[in-house]
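Please look over the sequence and the model shown below, and then read the report beside them. Each section takes up one topic.

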Amino acid sequence: VQLVESGGGLVQTGGSLRLSCAASGRSFNPYGLGWFRQAPGKEREFVASISWNDASTGYSDSVKGRFTISRDKAKNPVYLQMNSLKAEDTAVYYCAVLRSGSDRQVDYWGKGTLVTVSS
């Protein structure tokens, strides 16, 4: 499975961005998909997850109410709508295929897309 993120860029505080993740590979039928991020000098952290089958979602406390994860089985498999962006949201955002039964363990990573929020 190969994952390619897009949609990152530079945005002002309070603005919005929508990240997309395209997937390729045979028999793409993951347990779930997630978004993680890594800010400069910090460890990679969980942002949001979505179940492939029933679209149930989970969010980190830091983005709850501002970010929305969604999936489209027909097109790009997963999106991350980010609203009310803050400077502390600046990071490289990674799309991931989650391991079966987990919303934190990852089987496959994308290469990431940079989001920069200017204050």
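## Terms and model

A residue is called buried when its relative accessible area is under 20%, exposed when that area is over 50%, and partly exposed in between, using a 1.4 Å probe and protein chains only. The model is predicted, and local features need pLDDT of at least 70, side-chain atom pairs count only at pLDDT 80 or more, while totals for chains, interfaces and linings use all residues. Residues are numbered from 1 along each chain as its sequence is written, and side-chain values use heavy atoms, with hydrogens and water left out.

## Two residues with positive phi

Most residues other than glycine have a negative phi. Ala55, however, has a phi near 60 degrees, which is a positive value in a residue other than glycine. Ala55 lies in the loop between S5 and strand S6 (57-59), where strands are DSSP runs (E, at least two residues) numbered from the N terminus. Because its relative accessibility is 31%, Ala55 counts as partly exposed.

Ser84 also has a positive phi, near 50 degrees, and is found in the loop between S8 and S9. With a relative accessible area of 41%, Ser84 is partly exposed.

## The nonpolar cores

In soluble globular proteins, nonpolar side chains tend to be buried together. A nonpolar core is a set of buried Ala, Val, Leu, Ile, Met, Phe, Trp, Tyr and Cys residues joined through side-chain atoms within 4.5 Å. The largest such core here has 26 residues, and those with the most contacts inside it are Trp35, Leu80, Met82 and Tyr93. Among the elements that give two or more residues to this core are strand S3 (17-24), strand S8 (78-82) and strand S9 (91-98), and S9 gives the most, with four residues.

Leu80 touches, among others, Leu17, Trp35, Val47, Phe67 and Tyr93, when residues up to four places away in sequence are not counted; contact here means heavy atoms within 4.5 Å. A second, separate core of five residues includes Phe46, Ala96, Leu98 and Val106.

## An open sheet

Four strands form an open sheet in the order S1-S3-S8-S7, with antiparallel pairing, where two strands pair if DSSP finds at least two bridges between them. Strand S1 (2-6) and S7 stand at the edges with a single partner strand each, so one side of each is left without a neighbour in the sheet.

Within this sheet, S3 and S8 pair in the antiparallel sense over five bridges, and the bridge partner of Arg18 in S8 is Gln81.
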